[in-house]
Amino acid sequence: GRRGWNLILVVLILLVGAWATWASPNFLTANQLSNAAEGTAVSALLALGLTLVVLVGEIDISLTSNLACCTVVTGLLAQAGVSSAIIIVMSLLTGALLGLFNGAMVGFLGLPSLAVTLGTMGAYQGLAFIVGGDTGFTQFPSAVFQLGFGTVGKVPVSLIVFVGVALAVSAILNLTTLGRSFYAIGRSAEATRRTGISVPTGVTLAFTMSGLIAGLAALVFVGFYGSGGGDSASGTILTVVTAVALGGVDIYGGSGQLSGVVLAVALLLVIQSGMAVINLSTTVQTIVIGSL
């Protein structure tokens, strides 16, 4: 079934790509595809993180607010003249800690993830606005800019980062006991608990790893857009959830492959860039993504 759905996604990518090429000669060019990949990298990374949470049967709609907090931390450290290495580490650590908080509330306190992350979505974004102000930050070291806007030849660095994270997450899910426990928890938390696996720990780790990826996505965001603040990546969560659901991950947990999510990200990239080159309004684009 998963292979069949992946094949459908591949066919849809080819069909939409053919339509976009027919609609505009500017679509199938190296520069346009490179720019589209850079613009999609943030939501694509967040989709990888959300996949981990959904596999254990939970949801995290605070990922973009987590990212916003990480961009503010990045901006504060850059303003203080801290080295690029420390900035990168602190952004990753901030994302992981915010994810850890969500995970502990859900895993150990047993609170519903939708309610928890709905609350932290507002709390994290509000914190980012309080600390970063209305204007946010625009000064970052060149190493951070390279993550979002740099290239290796014609290939965007952000695309390389996405592929690297996707391979790492896929290896964790398919080759480690932790990854298999995520599937088990999503399929049946009670059965998993009876085997001796700590369900609260597994759920908390899924949220923490998702937050860690959000911290990385924050670095890509500020590198590409050149700014960071409370409104960073606002509105992106729709695309992120769409990629995970469209990729065939069971929203109730326990089933799904990262390959489907990657193909769904590619499909969304082709659809969005195709609509952009023919100058469809952002409202129409949102309707299309919502329909998917």
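How far apart are Glu 190 and Arg 193 in helix H9, counted in residues and in helical turns?

First, some ground rules. This is a predicted model, in which local features need pLDDT of at least 70 and side-chain atom pairs count only at pLDDT 80 or more, while totals for chains, interfaces and linings use all residues. Residues are numbered from 1 along each chain as its sequence is written, and side-chain values use heavy atoms, with hydrogens and water left out.

Now the overall picture. The protein has 13 helices and 2 strands; these are DSSP runs numbered from the N terminus, with helices being H or I of at least four residues and strands being E of at least two. Its radius of gyration is 19 Å, close to the 19 Å that the globule rule gives for 292 residues, so the protein is as compact as a globular protein of that length. That radius is taken over C-alpha atoms, and the rule is 2.2 Å times the number of residues to the power 0.38. Along the principal axes, the C-alpha atoms fill a box of roughly 60 × 50 × 35 Å. Buried residues account for 49% of the 292. Here buried means under 20% relative accessible area, exposed means over 50%, and partly exposed is in between, using a 1.4 Å probe and protein chains only. Of the contacts between residues at least 6 apart in sequence, 78% join residues at least 24 apart, where contact means heavy atoms within 4.5 Å.

Back to my opening. Glu 190 and Arg 193 sit 3 residues apart in helix H9, residues 189–194, which puts about one helical turn between them. Their side chains form a salt bridge at 2.7 Å, N to O; the term means a side-chain nitrogen of Lys or Arg within 4 Å of a carboxyl oxygen of Asp or Glu. Glu 190 also has a salt bridge with Arg 194, at 3.1 Å, N to O. That pair is 4 residues apart in H9, again about one helical turn. Together, Glu 190, Arg 193 and Arg 194 make a network of salt bridges, and the count for the model comes to 2. How accessible are they? Glu 190 is partly exposed at 39%, Arg 193 is partly exposed at 43%, and Arg 194 is exposed at 69%.

Let's go inside. What does the largest nonpolar core look like? It has 67 residues, and those with the most contacts inside it are Leu 45, Leu 46, Leu 67 and Val 165. Such a core is a set of buried Ala, Val, Leu, Ile, Met, Phe, Trp, Tyr and Cys residues joined through side-chain atoms within 4.5 Å. Helix H10, residues 199–225, gives the most to this core, with 14 residues. Beyond neighbours up to four places away in sequence, Val 165 touches Leu 45, Leu 48, Ile 213 and Leu 216. A second, separate core has 11 residues, including Leu 9 and Leu 246.

Next, please look at the loop between helix H2 (30–55) and helix H3 (63–79), where we find Glu 58. Glu 58 is buried but has no salt bridge, and the nearest side chain of opposite charge, Arg 193, is 9.2 Å away. For charge, Lys and Arg count as positive and Asp and Glu as negative, while His and the chain ends are not counted. What Glu 58 does have is a polar contact of 2.8 Å between its side chain and that of Ser 113. A polar contact is a pair of N or O atoms within 3.5 Å; within protein, one must be able to donate a hydrogen and the other to accept it, and residues adjacent in sequence count only if both atoms are side-chain atoms. Asp 60 is in the loop between H2 and H3 too, and it is buried at 2%. Its side chain has a polar contact of 2.6 Å with that of Ser 62.

Most residues other than glycine have a negative phi. Ala 233, though not a glycine, has a positive phi of about 60°; this residue lies in the loop between H10 and helix H11 (237–246). Asn 279, also not a glycine, has a positive phi of about 65°, and its place is the loop between helix H12 (258–277) and helix H13 (282–291). Which is buried and which is exposed? Ala 233 is buried at 6%, whereas Asn 279 is exposed at 68%.
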